[in-house]
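Good morning. Please have the sequence and the structure open, and I will go through a few places in turn.

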Amino acid sequence: MSPSDPASIFLSAPDGLRLHVRSYGRASRPALPVVCLPGLARTAADFEALASALSHDEARPRLVIALDYRGRGQSEYDRDPANYAFHTELADVLAVIVALDCTPAIFVGTSRGGILTMMLAALRPTAIAGAVLNDIGPVIEPKGLMRIKGYVGRLPQPRSVEEGAEVLRRLFDAQFPKLGPEDWLSAARRTFKQGEDGRLVPTYDVRLAKTMEGIEFERPLPTLWKEFDALANVPLMVIRGENSDILTVATLEAMREHHGKMEIVEVPDQGHAPLLAEADVIARIADFAGGCDEARLT
């Protein structure tokens with residue numbers, strides 16, 4: 001392992017299940033730590049570019065941790081898929097940040113990770129020194145949810161990484177039209193892993209699909225304005241993919257009315273959820289984190 005490689009840390013969830021965390025850099029005061037929370041069927045690997053950049057920032061190097069939720073990445077799969085639920089995962093997040101002594105922190109939450117960030121703000125506001133919500137808000141569009149429901153736990157089983165890249169390209173090309181062959185290969189390496197029989201399988205427990213069984217287009221999810229408003233007193237950045245079908249421009253404007261100082265970043269030619277891997281996006285997040293440091297010291 002080189003000095004730039006992340007460290008793998010394994011911790012126990014409140015119920016004893018083993019959780020995996022990627023840790024980048026070292027705790028450095030006054031630089032606040034950053035906690036990265038991925039999407040529903042995603043893993044800590046999604047934050048590789050961002051976490052590496054923030055942990056090696058020349059002006060403000062900082063500790064960055066990225067969590068694999070239970071049933072994802074290198075975390076243990078739950079015997080009971082009913083535990084792939086927000087309340088359980090929120091308890092897991094709390095256990096991790098307490099065990100690693102990384103509060104208060106700046107939270108970067110992609111999709112489901114952003115929902116958990118809002119829920120954490122309502123439950124434990126002192127844990128959050130700033131928040132980046134990546135393509136998620138208090139109103140979640142049914143059209144996007146139905147699209148996600150259509151593929152989580154139902155991906156075709158590719159025979160190679162190259163075939164996996166083609167599977168992903170066919171699924172997501174409309175939302176990410178500017179990605180090239182190498183981008184899709186990288187996405188495939190983050191989405192599939194070698195199973196025990198040597199075949200490629202998703203990097204998550206396919207029983208995650210059960211968490212979406214009750215979602216129907218005609219029955220939108222309850223809004224999360226109460227949870228969003230819990231972020232009113234901390235710096236907030238919201239990132240939206242130009243092609244997003246989860247976070248609409250109308251919801252973004254309503255969020256701005258609730259949080260007047262909210263910083264907005266729109267990523268062109270990307271949908272749900274922006275990759276957070278481009279230099280300009282990373283630079284915006286780094287500047288935002290620096291502002292959170294300064295706000296904390298004043």
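Where is Q175 found? Q175 sits in the loop between helix 5 and helix 6. Before I go on, note that this is a predicted model.

Is Q175 buried or exposed? Its relative accessible area is 8%, and the cut-off for buried is under 20%, so Q175 counts as buried. The side chain of Q175 makes a polar contact of 3.2 Å with the side chain of D245. Leaving out residues up to four places away in sequence, Q175 touches R147, N243, D245, D269, Q270, G271 and H272.

Which helix gives the largest share of the lining? That is helix 6, with seven residues. Helix 1, helix 3, helix 4, helix 5 and helix 6 each supply at least two lining residues. Sorted by class, the lining has 35 nonpolar, eight polar and seven charged residues.

Now to strand 5, residues 105–110. Six of its six residues are buried, so strand 5 is largely enclosed by the rest of the structure. A105, F107 and G109 point one way, while I106, V108 and T110 point the other way, and all are buried.

What does strand 5 pair with? Strand 3, residues 34–37, runs parallel to strand 5 and is joined to it by four bridges. L37, for instance, has G109 as its bridge partner in strand 5. Strand 6, residues 128–134, also pairs with strand 5 in the parallel sense, over six bridges. There, A105 stands opposite I128.

Helix 1 covers residues 48–55. Its buried residues are L50, A51, S52, L54 and S55. Among the elements that cover them are strand 2, strand 3, strand 4, strand 5 and helix 9. A53 is also in helix 1, but with a relative accessible area of 32% A53 is partly exposed.

Last, some backbone details. As background, most residues other than glycine have a negative phi, and most peptide bonds are trans. Where are the cis bonds here? One joins T103 and P104, with omega about -5°; P104 belongs to the loop between helix 2 and strand 5. Another joins H272 and A273, again with omega about -5°. A273 lies in the loop between strand 10 and helix 9.

Two residues with a positive phi also deserve a look. D135 is not a glycine, yet its phi is about 60°. D135 is in the loop between strand 6 and helix 4, and is buried, with a relative accessible area of 0%. L276, also not a glycine, has a positive phi of about 55°. L276 is in the loop between strand 10 and helix 9, and is buried at 3% relative accessible area.

That is the end of the list. Thank you.

How values were computed
Residues are numbered from 1 along each chain as its sequence is written. This is a predicted model: local features need pLDDT of at least 70, side-chain atom pairs count only at pLDDT 80 or more; totals for chains, interfaces and linings use all residues. Side-chain values use heavy atoms; hydrogens and water are left out. Ala, Val, Leu, Ile, Met, Phe, Trp, Tyr, Cys and Pro count as nonpolar, Asp, Glu, Lys and Arg as charged, and the others, Gly among them, as polar. Buried means under 20% relative accessible area, exposed over 50%, partly exposed in between (1.4 Å probe, protein chains only). A polar contact is a pair of N or O atoms within 3.5 Å; within protein, one must be able to donate a hydrogen and the other to accept it, and residues adjacent in sequence count only if both atoms are side-chain atoms. Contact means heavy atoms within 4.5 Å. Two strands pair if DSSP finds at least two bridges between them.
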